[in-house]
Each structure stands twice: as structure tokens, then as C-alpha cells.
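Let's walk through this structure together, one step at a time. Keep the 3D view open and turn it as you read.

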Amino acid sequence: MKNIRIIARLDIKAPNLIKGIHLEGLRVIGDPLEYATKYYNDGADELLYMDIVASLYNRNQLLGLVERTARGIFIPITVGGGIRNVDDAHALLRAGADKVAINTAATKRPELITDIAKRFGSQCMILSIEAKRVTVGKWEVFTDNGREHTGLDVVEWAKKGAQLGAGEIIVTSVDQEGTRHGFDVDLVRAVSEAVSIPVVASGGMGQPEHLVGVVKNGKADAVAMADVLHYNRFSLPAIRQYARSQDLMVRDVPL
Amino acid sequence: MKRVVVVDYGMGNLFSVCRALEATGASVLLTSNPDEIQNAERLVLPGVGAFAEGMAEIGRRGLADPILAFAKTGRPLLGICLGMQLMFESGEEFGTHEGLGLLPGSVVMLPTSNPTFGSFKIPHIGWNKLAMTGQCKSWNNTILKNTAPDSFVYFVHSYECKPVIEQHCIARTEYCGCTIAAVVRKDNISGCQFHPEKSGKTGLGILTDF
């Protein structure tokens, strides 16, 4: 067995933490650093910041937030949204990010995956995939919060991303995102079985049972969650405790 | 106040390492100046990335000799992740490459399968437990002196160190049935495969004890 990572996902529309449904209809939640700090203290295994309007405007405004976060939060921080080239990635890593998550720019220029992996190591390069179900057992890659078609098949794109040097894949189900109805387990399993790098499931977590399902049946290596934490529907300690009760291995957090 | 010099050789999450050391109360100097490195009170060799590129960047900046000279002084040296790997004699990432040779042994790719577990995912990413190795009777006088066995720390790596001398490995971790050297120590030289700067309170405690 191996330990499952629990990742607090914070979608950002600078300067706010926001939350949408199907990645749209955004609502302001509050100050991202305040929430990030709470999740750090509650034992989140990692943080994921997504600047979810960045690629619409060709910019990433997270540098300052990342730097402030890295001053007091000592767990891995992944940053995604609007990263177009090696320099953008470098700036975020210098500000204190440990990994960058790339979606749009990678679909337009797949060699960017290799460039970033070569320069900073594969462990820094997370391929972010926004997936929409097309039919049973088939999903299409989208960009720009599920607005733009790419014509790419999710499983094929995941395989290609891994070959090009991605160290991890985060797959977000646009269909499930923000619904609290659970993950697209078939999607996560299809991606996880297709690649030999870790896969992070994202989109749909509404209760602890969903985490257990996407790990046991979806073969997720890590689970990202947003709404369930932001609205305090379940706390991280409660989620960890439930996972443990279902024989999943999660880390013990020191007091 | 404890003064720590962090080697800047262009590899890795230097910002995080410096902030974490500062959070333990140390004053931190990030530098690639050979004199500052050689004359440090305490030296940290951080790093993420590939072995060959790491050694090349150290070579390009003329830092191998100052690091080796520092190690001979008996003052504390800590290698983190790639920094720990570079302290060994050789690495097998993209061909065989010479390391700093401070510790006997080599750096090899993690297996991707074993008989008991079948195939599994690489890189090894995530929180994992530190266990005392059989040959190590106690963590007193090491960077783990205040760390409880079975504490969780954060790993991310595809390669592992294989120390020739078993006693150099003071803590191990298990990943999918593989035993991995998590902390090595020889006299004043310590290395950790995980990232203390990303391991929450446990990691800050380890950096405090460095």
C-alpha cells in the first residue's frame, strides 16, 4: 500500500479565492492565504492554486500570493493557470512554488512539457487536464475552464504528456466539478491505468466516501478537493479519519 | 543566531529552503560564492532535478572544491534530495556520472515493480514514514534527534541512494515494498532524500536540529 495525498485546491481569481460549478459561475469565498493557512494547519498534504481566469487574459497574477504563502506554509505548493513558457514556470518556482500545472499552453505546444521537465525536473511538471465526457468511456480535453474544445482524447493526451516528461497528471472532470456529486471515477481510472506516473483526481468531492471511491475504484494516487473544504462541509481531520477507517493510508499529522 | 549558507547552483526550490531555515530562527545566506561556501558555519546543498545537470551546474560555478573543502572542516553539511544524491560517488541518471564522492555509494533509479507489489508509479511522490534502520541504535546526535520514529515527511524522487556502508543509513522509508535510504549520515555530513522544507512541522524540527 502507499499513502494517498489529500490536496486542498484553491481556485483564484485575483485577489480572491473563488469557487464555481463546472468551473463557471464563480463565487467569491475569501482571502486565499487565510484558507491556505487553515488547510496547512489542518494537515493538508499539498496545496494547489489555480488561477482560473489566467489563460483567458494571458496572465498569471499569482506570483505575490505564492511568495506570501511560501513564507509561512511548509508543504508542497502547485500553481497552475496561465503558464505559457519556461520563464513563467521559472518565476513561479522562484516565488516558492514546487510544481507548475499546465493545461492550455501544453495543448497548444506539447514540447513545453519536455522543456519544463528538462529544465526543472519532471517532478515540477504537472499536466493539468480538463476533461468532459463525450460518451461512455471517452472524454475530450478542454481548456479555458471547460469552454474550449481541443479535439484531443483525454487518455491519449495523458499518455503523450507522460511520454513528453510530465511527472504527474491532475485530471479535473468539468462535468463533476463543483457539483459535490462525486468524482468521475471511470475517467480517473482510465487515465491512471494508462500512465505510470501519479494521477491526481479533481472535481466533484462532496463527502469523504467520494475520496475512498476514487482511490479504490479510480486508482487515484492523490485527491484534490475544494468546495467540501471551503464551505467547511467536512474538515481535513474528519476526511483523513474516514479514509483511515476504510483502510486507506494517509499521513499522521503532528499536533 | 545559527548562520546557514545555502549553495545556489541554479537547481531547485531555493526560496522554500531559505524560508524554512529562517522559520527555524537561522540567518540564511544564499550564495554561489566559493569563499562564502568554504567558510560557512553550516552548509546546505539543496536541489531538485537530475544528477548530471546538478553536477554540471556545480562544476560550471567552480563549487565542487569549496564544498569538499568545507566538508573536511568538520562543520555541519546537509544535502537535501538531489543535494544528498550528489554527495555520493556516482549517479546513473541519463548515463553514469561522477558525484562529489563524500559518501561511498551510488544513485540508481527506483524500481518500477517488485514481486510482492507488482508494478507501481514513479516518481515516488508523497508523505512517507521514517523508520530507524537496524544498524542504527539511536538518532541521538543526528538531525533526527528530536524526530519520533514513524514521523511522516514529504518525498518526491525517481532515484535513490545506495550507500555502500550500511551504517551510513540511519533512517529508511518503505514505498510499495522498496526500502529507500531516507537519511544518511557520516560524521559531520548528513543527507535527506525527502524535503524537510516541505514536511510541515516535522521538517522544520529536523532543520532546527541541523
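Let's begin with chain B, whose secondary structure comes to six helices and 16 strands. Please keep in mind that this is a predicted model. The C-alpha trace of chain B spans about 50 × 40 × 30 Å along its principal axes. How does the radius of gyration of chain B fit with that of a compact globule? For 210 residues, a compact globule would have a radius of gyration near 17 Å, and the 16 Å of chain B agrees with this.

Now look for the strands. Chain B has an open sheet of eight strands, in the order S2-S1-S3-S4-S16-S15-S14-S11, and the pairing in this sheet is mixed. Which strands of chain B are at the edges? They are strand S2 (27–31) and strand S11 (131–132) of chain B, each of which pairs on one side only.

Let's follow part of this sheet strand by strand. Strand S14 (residues 169–175) of chain B pairs with S15(B) in the antiparallel sense, over six bridges. One bridge that you can find in the view joins Tyr175(B) to its partner in S15(B), Cys178(B). S14(B) and S15(B) form a hairpin with two residues between them, and in its turn Cys176(B) has a positive phi of about 50°.

The next step along the sheet brings another hairpin. Strand S15 (residues 178–186) of chain B and strand S16 (residues 189–192) of chain B are paired in the antiparallel sense, over four bridges. Here, Arg185(B) stands opposite Ser190(B) in S16(B). This hairpin of S15(B) and S16(B) has two residues between the strands, and Asp187(B) takes a positive phi near 55°.

H1(B) lies across strand S1 (3–7), S2, strand S3 (42–45) and strand S4 (77–80) of chain B, and its direction is about 160° to S2(B). H1(B) also meets another helix: the axes of H1(B) and H6(B) come within 9 Å and cross at roughly 75°. H1(B) and H6(B) are therefore roughly perpendicular to each other. Where they meet, Ala20(B), Leu21(B) and Ala23(B) in H1(B) face Gly203(B), Leu204(B) and Leu207(B) in H6(B). Sorted by class, this contact of H1(B) with H6(B) has five nonpolar residues, one polar residue and no charged ones.

How many residues does each chain give to the contact? Chain B gives 28 residues and chain A gives 27 residues. On the side of chain B that touches chain A, the elements that give two or more residues are helix H1 (14–23), strand S10 (124–129), strand S12 (152–157) and helix H6 (200–208) of chain B. H6(B) gives the most to this side, with five residues. The residues on this side of chain B divide into 14 nonpolar, nine polar and five charged.

Let's cross over to chain A and look at some of its helices. Helix H3 (residues 63–72) of chain A packs with H4(A) at an angle of about 30°, and their axes are 8 Å apart. That angle makes H3(A) roughly parallel to H4(A). The contact is made by Leu63(A), Val66(A), Glu67(A) and Ala70(A) of H3(A), together with Ala91(A), Leu92(A) and Ala95(A) of H4(A). By class, the contact of H3(A) with H4(A) has six nonpolar residues, no polar ones and one charged residue.

H4(A) has a further partner. Helix H4 (residues 86–95) of chain A and helix H6 (residues 111–120) of chain A pack at an angle of about 40°, with axes 10 Å apart. H4(A) and H6(A) are therefore oblique to each other, and H4(A) passes H6(A) in a right-handed crossing. Val86(A), Ala89(A) and Leu93(A) of H4(A) make this contact with Asp115(A), Ile116(A), Arg119(A) and Phe120(A) of H6(A). By class, the contact of H4(A) with H6(A) has five nonpolar residues, no polar ones and two charged residues.

Our last stop is a hairpin in chain A. Strand S8 (residues 138–143) of chain A and strand S9 (residues 148–153) of chain A pair in the antiparallel sense over three bridges. Phe142(A) has His149(A) as its bridge partner in S9(A). The hairpin of S8(A) and S9(A) has four residues between the strands, and Asp144(A) takes a positive phi near 55°.

Methods
Residues numbered from 1 in each chain as written. Chains lettered and ligands numbered in written order. Predicted model: local features only at pLDDT ≥ 70, side-chain atom pairs only at ≥ 80, totals over all residues. Contact = placed C-beta atoms within 7 Å. Nonpolar A, V, L, I, M, F, W, Y, C, P; charged D, E, K, R; others polar. Pairing = 2+ DSSP bridges. Axes fitted to C-alpha atoms, helices over the stretch in contact; angles between N-to-C directions. Parallel < 35°, antiparallel > 145°, perpendicular 65-115°, else oblique. Left-handed = near helix turned anticlockwise from the far one by under 90°. Rg over C-alpha atoms; globule rule 2.2 N^0.38 Å.
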